[in-house]
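Dear colleague,

Please find below the structure I am handing over to you. My notes on the findings follow it.

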Amino acid sequence: MSQASPPSRPLLAFALGSLGLLAGMVLIAEGGRRLPPDPPSIAPVQGAGDPEPASPTPMHDSRPGQPARKIAEDLIAPPPLDPSGIERIEPRPPLGELGLATAPKTPMPQDWRETLLFRPVATSSAVFEAMGRTVAVSGTVDIDPDRTCTFDNTAWPCGQRARAAFNAWLRGRALKCLLPPDADRFAIAAPCALGKQDVGAWLVSNGWAMAAPAGIYGKAEAVARNARMGIFGPPQ
């Protein structure tokens, strides 16, 4: 009668491992049932250096308000001022004439046009005739041809000399003047230019005419007087 062969070692090891795995699973299941419940959560304590969270709504102080405390009132607050002791004085004159605004020019009517006047002839120091028109240079005061000026107790015919100086400067060249359409029917005062030179400025600054009281050539006349030019100077 034959004897049974003992079981092989690999089969025995596999059987023992399976039993150990099954026993471990049973122990884990039993331990989960006996664990105590989770401890209650504790809110973190805010430290002294941690920033406070922003309040969702602004907080208002319900306590009654009090006036601000005054500190060094004598030093900070302006001293009391008596209006009766204030004296109004005239403003100081300007330091110079460079910053002074020039007088505005008188606007001309819209129907006035720049017109070329050929072969002008001076009839006095600031009046000329050309192409049947008689034009007085605006902004100036004419020197009558019969006027006599005195310089250092010496009289001389400054009116005739002024007319001659104007004619010598013109030399028959065309003047461009701002004139109305019907200027040929009467004498008229108008601004004129010889090329780019203002006729009134040339006459007054050289002393051959005077500036109108409300005109724009007051400074030019002052220059001529100080320099003793034209009618303000010696005989010529």
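**Strand pairing**

Ala-136 of the model stands opposite Ala-189 in β9. This is a predicted model, in which local features need pLDDT of at least 70 and side-chain atom pairs count only at pLDDT 80 or more, while totals for chains, interfaces and linings use all residues. Residues are numbered from 1 along each chain as its sequence is written, and side-chain values use heavy atoms, with hydrogens and water left out. Helices (H or I, at least four residues) and strands (E, at least two) are DSSP runs, numbered from the N terminus. Two strands are said to pair if DSSP finds at least two bridges between them.

The link between β4 and strand β9 (residues 188-190) consists of 3 bridges, and these two strands run parallel. With β3, by contrast, β4 runs antiparallel, joined by 4 bridges. Phe-128 has Val-135 in β4 as its bridge partner. β3 and β4 form a hairpin with 2 residues between them, and Met-131 in the turn has a positive phi of about 55°.

The side chains of strand β4 (residues 133-137) alternate.

Strand β8 (residues 175-179) is joined to strand β10 (residues 192-194) by 2 bridges; Lys-176 has Ala-193 in β10 as its bridge partner. The covered face of β8 carries Leu-175, Cys-177 and Leu-179, and the uncovered one carries Lys-176 and Leu-178.

**Disulfides**

The structure holds 2 disulfides, a disulfide being a pair of cysteine sulfur atoms within 2.5 Å. Counting bonded cysteines along the chain, the pattern is 1-2, 3-4.

Cys-149 is joined to Cys-158, with an S to S distance of 1.9 Å. This link of Cys-149 and Cys-158 is right-handed, with 70° about the S-S bond, and both cysteines are buried.

The other disulfide is formed by Cys-177 and Cys-192, whose sulfur atoms are 2.1 Å apart. Cys-177 lies in strand β8 and Cys-192 in strand β10, so the pair ties together parts that are 15 residues apart in sequence. Cys-177 also stands opposite Cys-192 in the strand pairing. Their link is right-handed, with 115° about the S-S bond, and Cys-177 and Cys-192 are buried.

A nonpolar core is a set of buried Ala, Val, Leu, Ile, Met, Phe, Trp, Tyr and Cys residues joined through side-chain atoms within 4.5 Å. The largest one has 38 residues, of which Phe-128, Val-135, Phe-166, Val-199, Leu-203 and Ile-231 touch the most other members. Helix α3 (residues 158-170) gives the largest share of this core, 6 residues.

Contact means heavy atoms within 4.5 Å. Leaving out residues up to four places away in sequence, Phe-166 touches Ala-122, Ser-124, Ser-125, Ala-126, Val-127, Phe-128, Val-199 and Leu-203.

Ser-124 itself lies in the loop between β2 (121-122) and β3 (127-130). Ser-124 is buried, with a relative accessible area of 6%. Apart from neighbours within four places in sequence, Ser-124 is in contact with Asp-142, Ile-143, Pro-145, Arg-163 and Phe-166.

**Helix α5**

In helix α5 (residues 218-227), Ala-220, Glu-221 and Ala-224 are buried. Seen down the axis of α5, the buried residues fall within an arc of 100°, so they line one face of the helix; the arc is that of the directions from the helix axis to the C-beta atoms. These buried residues pack against α4 (199-205) and β12 (210-211). The face of α5 turned away from the buried side carries the exposed residues Val-223 and Asn-226. After α5 comes Arg-228, which has a positive phi near 55°.

With kind regards

Note on methods. Buried < 20%, exposed > 50% of the residue type's maximum accessible area, 1.4 Å probe, protein only.
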